[in-house]
Amino acid sequence: MSLSPFIRPAIERLVSSQIREVANAGMGDPDVLPFWFGEPDQVTPQFIRDAACTALQGGATFYTQNCGVPALRQAIATYAGALHRPLAAERVVVTSSGNSALMIAAQLVVEPTCRVVVVTPVWPNLTEIPKILGAHVVRAPLDYANGRWTLNLDKLLALLTPNTRAVFINSPNNPTGWTMSRHDQQAVLEHCRRLGIWIIADDVYERLYFGAEGRSAPAFADIADEHDRLLTTNSFSKSWLMTGWRLGWISAPPGVVERLGTIVEYNTSCAPGFVQLAGIAALEQGESVVQASVTRLRNARDYLCDALNQLPGISASPPDGAMYVFFECEQARREGSLPFAQRLVREAGLGLAPGGAFGPEGDGFLRWCTANSIERLEQGVARLQGLLKA
């Protein structure tokens, strides 16, 4: 008997991630160079691993508070407050990954049939999480011209209508590297204040930024008041090389933190205690790790864009932030980005993410994770070149 009639229609309509579709064809194959995921090729720094080992040896294997251990909440508040505006530890909720932070933030404000706007192209979880909750998702596409992705502010504001519940914005953006300007953030914040729209800001790449404004990309947290309808989500995965640890956080208005803690209880109960103690070490001792990552990513970005632009039918522009080069490829446009990415794995042993995974705006593009050594990037470029010449 088919189980389909008993599955929610919103779940039936979900499609699997094209990134995983490509990766599943080559994961575990030592002959494939994997650049498909947003994951550094370096292991987590020793001092963070040591902190986790010490915590485990000390018996940190029990449940913790729903919102996180007080020491980590304070460490996050101190760290984020130094980057942005002062932040009280009581406004911080620890989650089991940045992805979980997004889901829990969405569960707070999104309900069936409500209208949600998402700036796209974007990591597919930001459009699919509201769909899982039954929302109607409206895409707000960035403009693309002359190799640059830009926001048409007037178009976005026009989509943020009085019946909109929330807007999801990822900046610096995965996959394009587009970074929202302070001017545009201010305009969106004031508009959402007037209409009572929630802003859910995915700030996971805020430190991986190549601009000149400071230690992080412009953020809503720089300009918002503590009682604004703003939920910022973040993660330890990228900046501290901790993808497998699954640790993140939400910064929220004080009036909703207790509710967020309840939602955490019914999702994961709490993040593992020994992982949280490793997070404290990352925040308190890891600034040099973040700075080294930014330098490494900038160098990798510059090398890869230059190398790709020497190949036929490819156009790559240096992004403002994040850890990807999202480049146009004539062959991907002719074949479709997913079939071409699958062929790259099969025929060239090269694993890239298909642009269509991030929405229809990305078809004809490929995403290349730059969090790799120059030598490894060189090997990948050679494989791409070989297939294009074949």
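The paragraphs below go through these topics in turn.

This is a predicted model, in which local features need pLDDT of at least 70 and side-chain atom pairs count only at pLDDT 80 or more, while totals for chains, interfaces and linings use all residues. Residues are numbered from 1 along each chain as its sequence is written, and side-chain values use heavy atoms, with hydrogens and water left out.

Helices (H or I, at least four residues) and strands (E, at least two) are DSSP runs, numbered from the N terminus. Six of the seven residues of S7 are buried, so the strand is mostly covered; buried means under 20% relative accessible area, exposed means over 50%, and partly exposed lies in between (1.4 Å probe, protein chains only). Two strands count as paired if DSSP finds at least two bridges between them. S7 pairs with S3 in the parallel sense over four bridges, and arginine 115 has threonine 164 of S7 as its bridge partner. S7 also runs parallel to S8, joined to it by five bridges. In that pairing, isoleucine 169 stands opposite alanine 201 in S8.

S7 and S8 also belong to a right-handed β-α-β unit, with helix H8 (residues 182-195) as its helix. Right-handed here means that, with the strands pointing away from the viewer, the path from the first strand over the helix to the second runs clockwise.

Helix H6 (residues 125-132) has Leu126, Thr127, Glu128, Ile129 and Pro130 as its buried residues. After H6 comes glycine 134, which has a positive phi, near 90°.

The charged pairs come next. Side chains of opposite charge can pair when their charged atoms come close. A salt bridge is counted where a side-chain nitrogen of Lys or Arg is within 4 Å of a carboxyl oxygen of Asp or Glu, and this rule gives 16 salt bridges. One of them joins the side chains of arginine 296 and aspartate 41, at 2.8 Å from N to O. Arginine 296 lies in helix H11 (residues 287-308) and aspartate 41 in the loop between strand S1 (33-34) and helix H3 (46-57), so this pair ties together parts that are 255 residues apart in sequence. Both ends are partly exposed: arginine 296 has 23% relative accessibility, and aspartate 41 has 30%.

Another salt bridge joins aspartate 225 and arginine 193, at 3.5 Å from N to O. This pair links distant parts of the chain, 32 residues apart, with aspartate 225 in the loop between S8 and strand S9 (230-235) and arginine 193 in helix H8. Aspartate 225 is partly exposed at 43% relative accessible area, and arginine 193 is partly exposed at 37%.

Within helix H13 (residues 337-348), glutamate 347 and arginine 343 lie four residues apart, about one turn of the helix. They form a salt bridge whose closest N and O atoms are 3.1 Å apart. Arginine 343 is buried, with a relative accessible area of 18%. Elsewhere, salt bridges with shared partners join Arg85, Arg193, Asp225 and Asp228 into one network.

In helix H11, leucine 308 is buried, with a relative accessible area of 0%. Leaving aside residues up to four places away in sequence, leucine 308 touches Ile314, Ala316, Val325, Phe327, Trp368 and Leu384. Its C-alpha atom is separated by 9.7 Å from that of cysteine 329, which is 21 residues away along the chain.

On a 1 Å grid over the protein atoms alone, a cavity is a set of points where a 1.4 Å probe fits but cannot get out, and a pocket is an open set with protein on both sides within 12 Å along at least five of seven lines; lining residues have an atom within 4 Å of a point. Grid points are joined across faces, edges and corners, and a volume is the space filled by probe spheres set on the points. The largest pocket holds about 670 Å³ of space. It is lined by 28 residues, of which Phe37, Gly38, Trp123, Lys238 and Arg246 are the closest to its centre. Helix H2 (18-24), H5 and S9 are the elements that give two or more residues to this lining.

There are three cavities of 30 Å³ or more, and the largest cavity holds about 120 Å³. Residues lining the largest cavity include Tyr144, Trp149, Trp178, Asp320 and Phe326.

Methods
Contact = heavy atoms within 4.5 Å.
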